[in-house]
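This report goes through one protein model and describes how its parts are arranged. Look at the sequence and the structure first, then read on.

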Amino acid sequence: MKKFIYLISPTNIKGNKFYRELDLVLKSNKVKFFQLRLKKITTKNLIRISKKIKKIARKNKVKFLINDKPLIAKKIGADGCHIGQKDMSYKKSRKILGKNKIIGITCHNSKNLALKAKRVKANYIAFGSFFKSSTKKSPFKANLATLHWAKKKINIPTVAIGGINDSNYKKILSNGADFIACSNYIWNNKKLDPVSAIKKFK
């Protein structure tokens, strides 16, 4: 079965319950990448949490990426990092991580940014936001036409992000995205626990 989910961490990680749930969610065998995205956190805590997650990701054969911080990704031996347009440049990140690690780039809804990412040889590109997302307020609105275009012209794996849930993900995948990113739908679902939520993606 193809793994098609790009799972992003909740915005806060407290206590051991999260690690148990993460392990069960990754056991679903649908997740290809797990991105740790914690903003207001000390480096020490980030490293501590990263090490725990890395073990769980390895065990479940999931690629573990850290958002924004190539130095920490290198330090803990993650599989790579994800960089936004305002983060460290791709060139610098690649220099830190070396050529075998994964680096993905946020391209919003921009063909120019996607072409630039292709030129520098990014491992994947992320487009979004496709739907209203409560995880991250994005001023950028992405559309399905961009996914079609990327499929034809870019030929790098694409991740679609922003408000994706069990009722709209098929539309995104059938329009050319290789992966769907989700966070809130899994971790902060009012009706379903994380394991039941991930099972809704078939």
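A residue is called buried when its relative accessible area is under 20%, and exposed when that area is over 50%. Phenylalanine 18 has 6% relative accessibility and therefore counts as buried. The model discussed here is predicted.

Eight strands close into a barrel, in the order 1-2-3-4-5-6-7-8, and their pairing is parallel. From one strand to the next, the twist averages 25°. Helix 1 (residues 17–26) packs on the sheet, where it touches strand 1 and strand 2. The direction of helix 1 makes about 155° with that of strand 2.

Strands of a sheet pair through backbone hydrogen bonds, either parallel or antiparallel.

Strand 4 (residues 80–83) is covered on both faces. Gly80 and His82 are on one side, Cys81 and Ile83 are on the other, and all of them are buried.

**The nonpolar cores**

In soluble globular proteins, nonpolar side chains tend to be buried together. The largest nonpolar core of this model has 60 residues. Leu7, Phe34, Ile53 and Ile186 have the most contacts inside this core. Helix 2 (residues 43–59) gives the most to the core, with six residues. A second, separate core has ten residues, including Ile8, Leu65, Tyr124 and Ala181.

What is phenylalanine 34 in contact with, leaving aside its neighbours within four places in sequence? Its contacts include Leu7, Ile8 and Ser9, along with Phe18, Leu22 and Ile53. Val62, Lys63, Phe64, Leu65 and Trp187 are also in contact with phenylalanine 34.

**Aromatic pairs**

The count of aromatic pairs comes to ten.

| Pair | Type | Centre to centre | Angle between planes |
|---|---|---|---|
| Phenylalanine 18 and tyrosine 19 | edge-to-face | 5.5 Å | 70° |
| Phenylalanine 18 and tryptophan 187 | tilted | 5.0 Å | 55° |

Phenylalanine 18 lies in helix 1 and tryptophan 187 in helix 8 (residues 184–187), so their pair ties together parts that are 169 residues apart in sequence. Tryptophan 187 has a relative accessible area of 11% and so is buried. Tyrosine 19 is buried, as is phenylalanine 18. Elsewhere, ring pairs link Phe4, Tyr169, Tyr185 and Phe201 into a cluster.

**The cysteines**

How many disulfides does the count give? The count comes to zero. The cysteine sulfur nearest to that of cysteine 81 belongs to cysteine 107 and is 14 Å away. To count as a disulfide, two cysteine sulfur atoms must be within 2.5 Å. The sulfur of cysteine 107 is therefore too far from the closest cysteine sulfur, in cysteine 81, for a bond.

Are these cysteines buried or exposed? Cysteine 81 has 0% relative accessibility and so counts as buried. Cysteine 107 is buried as well, with a relative accessible area of 0%.

Key
Residues are numbered from 1 along each chain as its sequence is written. This is a predicted model: local features need pLDDT of at least 70, side-chain atom pairs count only at pLDDT 80 or more; totals for chains, interfaces and linings use all residues. Side-chain values use heavy atoms; hydrogens and water are left out. Two strands pair if DSSP finds at least two bridges between them. Helices (H or I, at least four residues) and strands (E, at least two) are DSSP runs, numbered from the N terminus. Axes are lines fitted to C-alpha atoms, for helices over the stretch in contact, and angles run from 0 to 180 degrees between N-to-C directions. Contact means heavy atoms within 4.5 Å. A nonpolar core is a set of buried Ala, Val, Leu, Ile, Met, Phe, Trp, Tyr and Cys residues joined through side-chain atoms within 4.5 Å. Buried means under 20% relative accessible area, exposed over 50%, partly exposed in between (1.4 Å probe, protein chains only). Rings of Phe, Tyr and Trp (its six-membered ring) pair if their centres lie within 6.5 Å; planes under 30 degrees apart count as stacked, over 60 as edge-to-face and the rest as tilted.
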